[in-house]
Amino acid sequence: MKLSQLVIKSMIKNMRHYYLYFFALIFSVTLFFSFVTLQYNESVIEATKASGTAASGFEAASYMLYFIVLFFVLYANHLFIKRRSKEIGLYQLVGMTKGLVTRLIAFENILLFAGAVSVGILLGFLSSRLFAMILLKLLKFEAVVTLSISKVAVVNTLIVFGILLVIILVQMAFMVYRTTLLSLFNASKQADERVKRFSVFPMAMGAIGLALIIYGYYESTLLFSGHTTNLFLSMIIILATTIGGTYFVFRYSVAFILNLFRLRKKGHLNLTDVLALTPIMHRMKGNAKSLTLITVITAVSLAITTLSYISYYSANSTAENSIPADYIIVDGRGEAFIETLEQEEIAFEEKTFRLTSAQFDMTDFFSGEIVDMLQGNTLADVIMIPLSDYQQLDSDVKLSEGEAIIAGYNGFQANLMPLEAPLDLTFLHQEHQFPLKVKEVNNTSVVAWRITAGGFVVIVEDTVFEKLQQLNEEHAIGYTTKEQTSVNLIDADDETYQVVEKLYKQTGANILYEDDEANRGINKLSSQQSTVEYNLNLYGTSIFTTAFLGLAFLLATGSILYFKQMSEADEEMESYKILRKIGFTQEELTRGIMMKQLFNFGVPLLIGLLHSYFAVKSGWFLFGTELTTPLLVTMALYIAMYIIFAALTINYYRKIIKQAL
């Protein structure tokens, strides 16, 4: 028989095993090709050019996606070879040389890869339009997305999967040449370790694993609290303790808990307990590494996706914090702008705030660790606003003599260095001191972020403000901006906003510093709407890229768990035959299988969710202003996907149980 005939007969005979591997390859090619195609879609290029970083972001994501594909295909190939180990052993037993067996498997894989790449490119071509429409929807960009195939994307995909094929062939050849016949016939042996009587060592290691995870969680809560002197070292410690702790939990803690369960029942386990506990305990030594890897990947991808979604979800509130009105005018430079609005009969309201500056010593209310990081530079400038101007926003606000209000204390500074009223502050101007009691700290933005340089503002009595204003006229310190006018349009539609946006720029009302000709392009203010659009463009590309990678990670890890359980189900078929012959029903067996899958899918998901929660909680405020909704949405999506994979696994076990008799 020719080698080509043997290849075809082998593939037909192993169709039941091949379809899983073939699906994994098609899935990988489809994801990769559709993502690479997006980079060369004209509508996507037009929509993302404003962000300036989209191209480099897509390129970096492509490398990350290739890593996911490589990890997924190598693991799927490992499971596939394991399921065919006896067949490979038989080939050698009947006299085929290892070289001939290697060529046989190589020809099979070349045919599989050729078919998978062809089908995957076709599916990727069709799905790329859907992904492009989703991206443009996130960017709020109106465009018609057409189907067009990119030659560059095709070439890149062929090169990438050509390299992957070479790696797969090397992996297979290494396995055939280095593996003995005995190990091939025992590769799918069910139990990888005998369930031993429980001892002190695994109990201690399990406790250490839990302690490491708890310590990592605790350290993550202190990461940005000002108690950390070396941020990078702390992050490495947190990463090491949580990953190491996760491995110890799967390797030892699970066995400890299951043994306690057995002891509580004094060995009298029912069928459901046996079907759920026994496979888990027998396979835990071999599964600990893979479960740890899946848990960590789930946590990392979920955390990154959540942080990106926080940025996108907070696009509007971030813009409102940085630009507290539709349009900001500085030092009366918007006279022509205001006159044009009146001539065009565009309804608007304006509020003018007088500004001056003072200094304060940050040691008055910041912790020692934060002050240490300042290396002695503890004086900071702050903008002051008179109470009478602030009352344009809230007429009920009153201040007694010696009182003040801190406004606009929001964003990351409020989370990194929280302030609680009342507190005493002494404001300085040269040799003059103004001791004040801050009776309220709020997050309402009053002055544009570009004017305050990201800081807060202080509302003081008019007499205090006038004194500071006079001192600044004699000897200016800190900020030089003297006035801000906030303009808000009334009942304006999108078309009106577009017209006013052009007027805002044409009349020069957006200029921040009149005398700074060299930096005129930098020192210009943006409108609130244009800031929102910029944020959506920037964060929309980020959320799409990270969500796409998160989906790839999720599908890869879920598929690996699914493939692994399918392999175990095939190995356990003989046990189900015996149980069915004894008289146990399909429903009784299924209950045990469901308990087993609750562990296999539920525990990695639960630990992954906890890891991602503490990771996001430690620094979410650096990415936006909203936490709860983005966190719950992304977690719900991950939980739903894991439930789907668990349901598919249980359904496959049902088929195996039906085939048992």
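Val330 stands opposite Gln484 in β9. This structure is a predicted model: local features need pLDDT of at least 70, side-chain atom pairs count only at pLDDT 80 or more, and totals for chains, interfaces and linings use all residues. Residues are numbered from 1 along each chain as its sequence is written, and side-chain values use heavy atoms, without hydrogens and water.

Strand β1 (residues 327–330) pairs with β9 in the antiparallel sense over four bridges. Strands pair if DSSP finds at least two bridges between them. Helices (H or I, at least four residues) and strands (E, at least two) are DSSP runs, numbered from the N terminus. Strand β2 (residues 348–354) also pairs with β9 in the antiparallel sense, over seven bridges. There, Arg354 stands opposite Glu483.

Five of the seven residues in β9 (residues 483–489) are buried, so the strand is largely enclosed by the rest of the structure. Buried means under 20% relative accessible area, with a 1.4 Å probe and protein chains only.

## The barrel

Six strands close into a barrel. Their order is β3-β4-β8-β5-β7-β6, and the pairing is mixed. Strand β3 (residues 356–361) meets β6 (residues 423–429) in an antiparallel pairing over two bridges. Phe360 stands opposite Phe427 in β6.

Helix α18 (residues 462–474) packs on the sheet. The helix touches β3, β4, β6, β7 and β8, where contact means heavy atoms within 4.5 Å.

## Helices α6 and α20

Phe131, Ile134, Leu135 and Leu138 in α6 meet residues of α20, including Leu536, Phe544 and Phe548.

How values were computed. Axes are lines fitted to C-alpha atoms, for helices over the stretch in contact, and angles run from 0 to 180 degrees between N-to-C directions. Buried means under 20% relative accessible area, exposed over 50%, partly exposed in between (1.4 Å probe, protein chains only).
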